[in-house]
Amino acid sequence: LALNAVLNTVYVAEMYTLSLIFQSNPMSYAKYRMSTNLGIWPLVLAVLTIRMLGDPNRSTSFFGLVVIPNMWYPLALGALWCLFS
């Protein structure tokens with residue numbers, strides 16, 4: 001939780017600084033001022049996918065509920081996130 005707060009604070013500070021630097025160009029100013037922070041989830045999903053596909057024949061416990069082959073783990077995680085959104 002603390003790391004997430006630090007990352008979000010750094011991101012907001014960077015975007016604010018960039019919006020001040022490009023203040024003379026309205027398009028760039030709006031782009032940096034209004035950009036959203038998607039967080040670190042895309043990176044986490046990419047690393048998880050690379051790790052799981054590194055050994056696709058093994059199986060991994062999916063949150064302790066069911067054992068899923070590594071090849072299908074990223075898809076199952078993405079499907080779960082889609083259900084929550």
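I take helices as DSSP runs of H or I, at least four residues long, numbered from the N terminus. On that basis I place Trp41 in helix H3. The model I am reading is predicted.

**Entry: Trp41 and the surface**

Is Trp41 buried or exposed? I get a relative accessibility of 52% for Trp41, and the cut-off for exposed is over 50%, so Trp41 counts as exposed. Trp41 forms a nonpolar patch with Val44, Trp81 and Phe84. Together the four have about 460 Å² of accessible area. H3 and H4 each supply at least two of its residues.

**Entry: the core**

Which residues make up the largest nonpolar core? I list six: Leu48, Met52, Phe62, Ile68, Tyr73 and Leu77. Helix H3 spans 41-53 and helix H4 spans 73-84, and each gives this core at least two residues. I note the general rule that nonpolar side chains tend to be buried together in soluble globular proteins.

Leaving out residues up to four places away in sequence, I find Tyr73 touching Leu48, Met52, Phe62 and Ile68, among others. Its contacts also include Thr60 and Ser61.

**Entry: Ser19**

Where does Ser19 sit? I find Ser19 in helix H1, which covers residues 2-21. Its relative accessible area is 0%, so I log Ser19 as buried. What does Ser19 touch, not counting residues up to four places away in sequence? I record Tyr29, Tyr32 and Arg33.

Methods: Residues are numbered from 1 along each chain as its sequence is written. This is a predicted model: local features need pLDDT of at least 70, side-chain atom pairs count only at pLDDT 80 or more; totals for chains, interfaces and linings use all residues. Side-chain values use heavy atoms; hydrogens and water are left out. A nonpolar core is a set of buried Ala, Val, Leu, Ile, Met, Phe, Trp, Tyr and Cys residues joined through side-chain atoms within 4.5 Å. Buried means under 20% relative accessible area, exposed over 50%, partly exposed in between (1.4 Å probe, protein chains only). Contact means heavy atoms within 4.5 Å. Patches are made of residues with over 30% relative accessible area and no salt bridge: like charges are joined within 9 Å, nonpolar side chains (Val, Leu, Ile, Met, Phe, Trp, Tyr) within 5 Å. Accessible areas come from the Shrake-Rupley method with a 1.4 Å probe; for residues, only the protein chains shown count as cover. A salt bridge is a side-chain nitrogen of Lys or Arg within 4 Å of a carboxyl oxygen of Asp or Glu.
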